[in-house]
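Here is a protein to explore through its charged side chains. Take a look at the sequence and the 3D view, then read on.

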Amino acid sequence: MKILALDLELNQAETGAKIIEIGACVGDSNTGEILENYSALVNPHETMVDAIIKLTGITQAEVDVAGTLEQAYLGMESMAKRHDCAHMPLVWGMGDGYAIRKELPSHISWGFGRRELDVKGVFQAYQMSQQGKLQAGLAKAMTRLGLTFKGRKHRALDDARNTFVIFFELLKRFKNKPEAKIPPPPL
C-alpha cells in the first residue's frame with residue numbers, strides 16, 4: 001500500500017495560522033521505501049512572524065514570490081494520484097488536512113478522505129504499551145524509537161519524511177509482537 005505523509009508549516013500571525021509550506025512524500029508501507037517527495041512554499045499574503053522565520057528558516061522574501069496554496073495542494077494531490085495512495089494521509093499530530101481544507105478555495109475539492117492517520121497518536125499508544133513517556137515531538141519520538149531525524153526540523157518535507165519513517169518503524173514493531181490474549185469482558 002502506498003501512503004502519503006503530509007506536513008505543513010504555518011505563519012502564526014494575528015490573523016490566524018496561514019500555510020506557508022506544504023511538504024509530502026509517498027511511501028510504501030510494505031518496504032518502507034520513500035518513492036517520491038514534494039515540497040512547495042505558499043504565499044500567505046501577510047507579513048511573516050519573526051519567530052516563525054527563526055523556527056523554519058523560511059523568509060519573507062521566499063514566501064512573497066511563492067505560488068498559491070491551490071498550486072501547492074494540486075501538486076501534492078497529483079503526486080498522491082500517480083502512486084494511487086490510500087485516501088488517508090499520515091500526519092504528525094492532528095489537523096494538517098483540516099488546515100488545508102479550511103484555506104483552499106471552495107472550487108478545489110479535497111482529494112483525500114475525511115480522516116488523517118495521526119502517527120503521533122499511534123506513537124503514544126505504542127509508548128503506553130511499553131510504559132514509556134507519551135509526550136514527544138517528532139525528533140524526540142524518533143530518538144525514543146532508536147531512529148535518527150534526517151533533515152531540518154520544522155521544514156515540511158523533512159517532517160513529512162520523518163513521519164513516514166516513524167510510521168513504518170511502528171508497523172514493523174506491531175507485526176513482530178506476539179498476539180495479546182485479551183480476557184473476555186466481565187458479565
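Glu77 is tucked away: its relative accessible area is 10%, so it counts as buried. Keep in mind that this is a predicted model. The partner of Glu77 is Lys81, and the two form a salt bridge in which the closest N and O atoms are 4.0 Å apart. Is Lys81 buried or exposed? With 59% relative accessibility, Lys81 is exposed. Both residues belong to helix α3 (residues 69-82), and because they are four residues apart there, about one helical turn separates them.

Why might such pairs form at all? Side chains of opposite charge can pair up when their charged atoms come close.

Helix α7 has a pair like this too. Arg173 and Glu169 join their side chains in a salt bridge, with 2.7 Å from N to O. They sit four residues apart in α7, so here again the spacing is about one helical turn. Glu169 is buried at 13% relative accessibility, while Arg173 is partly exposed, at 21%.

Arg155 and Glu21 meet through their side chains in a salt bridge of 2.9 Å, N to O. Arg155 lies in the loop between α6 (138-144) and α7 (156-175), whereas Glu21 is in strand β2 (residues 16-28), so this pair ties together parts that are 134 residues apart in sequence.

| Salt bridge | N to O distance |
|---|---|
| Arg155 and Glu21 | 2.9 Å |
| Lys81 and Glu77 | 4.0 Å |
| Arg173 and Glu169 | 2.7 Å |

How many salt bridges does the model have by this count? The total comes to six.

Tyr126 is part of helix α5 (residues 119-129), and it is buried, with a relative accessible area of 8%. Which residues does Tyr126 contact, leaving aside neighbours within four places in sequence? They are Leu145, Leu170, Arg173 and Phe174. So what about Thr15? The C-alpha atoms of Tyr126 and Thr15 are separated by 37 Å, and the two residues are 111 residues apart along the chain.

Notes. Residues numbered from 1 in each chain as written. Predicted model: local features only at pLDDT ≥ 70, side-chain atom pairs only at ≥ 80, totals over all residues. Heavy atoms only, no water. Helix = DSSP H or I, 4+ residues; strand = E, 2+ residues; numbered from the N terminus. Buried < 20%, exposed > 50% of the residue type's maximum accessible area, 1.4 Å probe, protein only. Contact = heavy atoms within 4.5 Å.
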